[in-house]
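The sequence and the coordinates are shown below.

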Amino acid sequence: PEDKRLLRLKEQLSEEKHVSVVSAKKSGHIKKTIRNLTGYLYGFIVPDDAGDDIYFGQDQVDKEIISKLVEGLSVWVEVEMAARGPRASRVWLKE
């Protein structure tokens, strides 16, 4: 392709993305929750160690706390590195 945007996209797609399958347990609190048009809940957690925000989706949240997710709620999170940054592999309440 001669289109510069397509060439740049091709370069980005061919770059190797290093994704870690190693997870770490961190404490943090819910920064924001969002429910999309289909009803899927997702959001972000601010870790207590002041690292990057951690993305989570409802599939990673213990089922009994989905209805309790509000901004500021203290949680534990297992974090793994994904191509777009840290994401949760599991989220549960701090006791």
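## Contacts of Ile45

Ile45 touches Gly28, His29, Ile30, Lys31, Asp53, Ile54, Phe56, Val75, Val77 and Val91, residues up to four places away in sequence being left out. Contact here means heavy atoms within 4.5 Å.

## Basis of the model

This is a predicted model, in which local features need pLDDT of at least 70 and side-chain atom pairs count only at pLDDT 80 or more, while totals for chains, interfaces and linings use all residues. Residues are numbered from 1 along each chain as its sequence is written, and side-chain values use heavy atoms, with hydrogens and water left out.

## Nonpolar core

The largest nonpolar core has 13 residues, and those with the most contacts inside it are Ile45, Phe56, Leu69, Val77 and Val91. Two or more residues of this core come from each of the elements β2 (41–47), β3 (54–57), β4 (74–82) and β5 (85–93). The greatest contribution is that of β4, with three residues. A nonpolar core is a set of buried Ala, Val, Leu, Ile, Met, Phe, Trp, Tyr and Cys residues joined through side-chain atoms within 4.5 Å. Strands (E, at least two residues) and helices (H or I, at least four) are DSSP runs, numbered from the N terminus. In soluble globular proteins, nonpolar side chains tend to be buried together.

Phe56 is placed in strand β3 and is buried, at a relative accessible area of 0%. Buried means under 20% relative accessible area, exposed over 50%, and partly exposed in between (1.4 Å probe, protein chains only). With neighbours within four places in sequence set aside, Phe56 is in contact with Ile30, Lys32, Thr33, Tyr42, Gly43, Phe44, Ile45, Val61, Leu69, Ala88 and Val91. Phe56 and Lys31 are 25 residues apart in sequence, and their C-alpha atoms are 11 Å apart in space.

## Salt bridges

A salt bridge is a side-chain nitrogen of Lys or Arg within 4 Å of a carboxyl oxygen of Asp or Glu. By this rule, the count is six. Side chains of opposite charge can pair when their charged atoms come close.

One of these pairs joins Lys94 and Asp48, at 3.2 Å from N to O. Lys94 lies in the segment after β5 and Asp48 in the loop between β2 and β3, so the pair ties together parts that are 46 residues apart in sequence. Lys94 is partly exposed at 32%, and Asp48 is partly exposed at 45%. Another salt bridge links Arg87 and Glu80, at 2.8 Å from N to O. Glu80 lies in strand β4 and is buried, because its relative accessible area is 16%. Arg87, at 38% relative accessibility, counts as partly exposed.

At the start of α1, a side-chain oxygen of Asp3 reaches to within 2.8 Å of the backbone nitrogen of Arg5. Asp3 also forms a salt bridge with Arg5, in which the closest N and O atoms are 3.3 Å apart. Asp3 is partly exposed at 30% relative accessibility, whereas Arg5 is exposed, with a relative accessible area of 66%.

Note on methods:
Polar contact = N/O pair within 3.5 Å; in protein donor to acceptor, adjacent residues only side chain to side chain.
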